[in-house]
Amino acid sequence: MSLFEQAAQNLRISNPPVELPLDADQLLPRYDGFSIANIPASINAWLGCPLPGRVPLAPALTAGLQKEYQHVILVVVDGLGLRFLTEHNLAETADNPLPDWQAVLRDARLQPLTSIAPSTTSAALTTFWSGGQPVEHGVIGYEVFLREYGLIGNMVTHSVATFLPPEPGSLAKAGFDPRTFLPLPTLGAHFKEHGIQTFALQPAAINGSGLSQMLLQEVQSLPYQSLEELWQLAAQILVQSKGQRTYTYIYYSEIDTLSHHTGPQDAQLLDKWREFSGYLARFIQSQKAKGNGRTLLLLTADHGQVPTALEPDYDLCNHPDFTRHLIMQPSGEGRLPYLFVKPGHDAQMQAYLHSHWDGQFRAVPSEQVIRAGLLGDRPPYNGTLERAGQFVVFPKGNAYWWWVNKANFLLGRHGGLSQQEMLVPLLTLEL
């Protein structure tokens, strides 16, 4: 049995909520210590500034690690599903295509985690930087209905979702302020209060974006143009810290971007990962040569991806008899949509699902979904209740909906509950 298959078996909840129509290949988030949502509490504990009331990673995942570190580095590789890693030869052989990754694994510990729901970047990064679950912070999808502004907003670009071409930051025209939008405080101020220098290393193209402004308050942002520059910056932080505690967040986006355009099984992804893991391995080797075990490096992902065909039947533009039952277009994720249904049209909407898609899409009242804990097991933020609509739709297999008023081009998607989307790596390594 592969690591991926073992992970799916071990992380499956034995008694899933009956309100959720799960298939055999779907997993629920493990908010009880086995999810990316538990990483922030552990990082804060390792740096000596615990987050009260937050659940850290389970002891089984952190066994053998120290209670505190001077430096913690979190590397988030967008879209790096556990399935991708296990499919590309984790065993050491003479013809291994990833020798640098093997060198990393010799000294590190690789374990599985689940993502959150929805398994998408905007929700996951907000969780990484707030310590809160999606049900608490309200960023519950790529596109979210913002009642207070009367529109659906793109939570990555902070643009009006229907604008073509997109206008990054255009939500500001409606009064949206990324610095005050979240109902939870972000971690930059918490780290600063405890004397921890905090850095965010991310591609120059997104440095200063609306999402960055929302999440990286009281954080020193360091843009990079290349992988060489990225790891030079990471090394400089450790050299220049002069005995101070530091938290360094590193974000790499190219695996996810390429997966969307080529599909998550394309050979080009292996080249991207070979390049990234090569630089990572050299950074690790250089730091271990002069380190003293007071630095902890973590590598994880926000989600994986599933391959998706360009299927016209999934395009809601081809289903006017279905969309006439909706107040507005769906929001959320194509792999986990939220529906806002006209009063009195629930039965007609459900009938269309059954008759035209043969059970590929199942709509469950949003109140049931939130009560079942899919978006988190803590009390919901009022904005979450508004943004989830009347129904949450669960696609089967690799099905999805496309409702954007432009040609569908995505050969890889995420946001849903399949094992490929939900299982991500957790690598831990002392330097």
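Is F283 buried or exposed? I looked this up at the start. F283 is buried, and its relative accessible area is 4%. The model is predicted, and I read every value with that in mind.

**Aromatic pairs.** I searched the whole structure and got 22 aromatic pairs. I opened the pair W231 and F283 next. The ring centres of W231 and F283 are 4.9 Å apart and the planes meet at 40°, so I logged the pair as tilted. An edge-to-face label needs planes over 60 degrees apart.

I then checked where the two residues sit. W231 is in helix α10 (residues 227-240), while F283 is in helix α12 (residues 267-290). The pair therefore ties together parts 52 residues apart in sequence. W231 has 5% relative accessibility, so I count W231 as buried.

**A second pair.** I turned to F322 and W357. Their ring centres lie 5.4 Å apart with planes at 85°, so this pair is edge-to-face. F322 belongs to helix α13 (residues 320-323). W357 is in the loop between α14 (346-356) and β13 (361-365). The two are 35 residues apart, and the pair links distant parts of the chain. I found both F322 and W357 buried.

**Charges over rings.** Which residue lies over the face of Y400? I found R413 there, at 3.6 Å from the ring centre. I noted another case at F4: the charged end of R83 sits over the F4 ring, 5.2 Å from its centre.

Conventions
Residues are numbered from 1 along each chain as its sequence is written. This is a predicted model: local features need pLDDT of at least 70, side-chain atom pairs count only at pLDDT 80 or more; totals for chains, interfaces and linings use all residues. Side-chain values use heavy atoms; hydrogens and water are left out. Rings of Phe, Tyr and Trp (its six-membered ring) pair if their centres lie within 6.5 Å; planes under 30 degrees apart count as stacked, over 60 as edge-to-face and the rest as tilted. Helices (H or I, at least four residues) and strands (E, at least two) are DSSP runs, numbered from the N terminus. Buried means under 20% relative accessible area, exposed over 50%, partly exposed in between (1.4 Å probe, protein chains only). A charge sits over a ring if NZ of Lys or CZ of Arg is within 6 Å of the ring centre and within 35 degrees of the ring normal.
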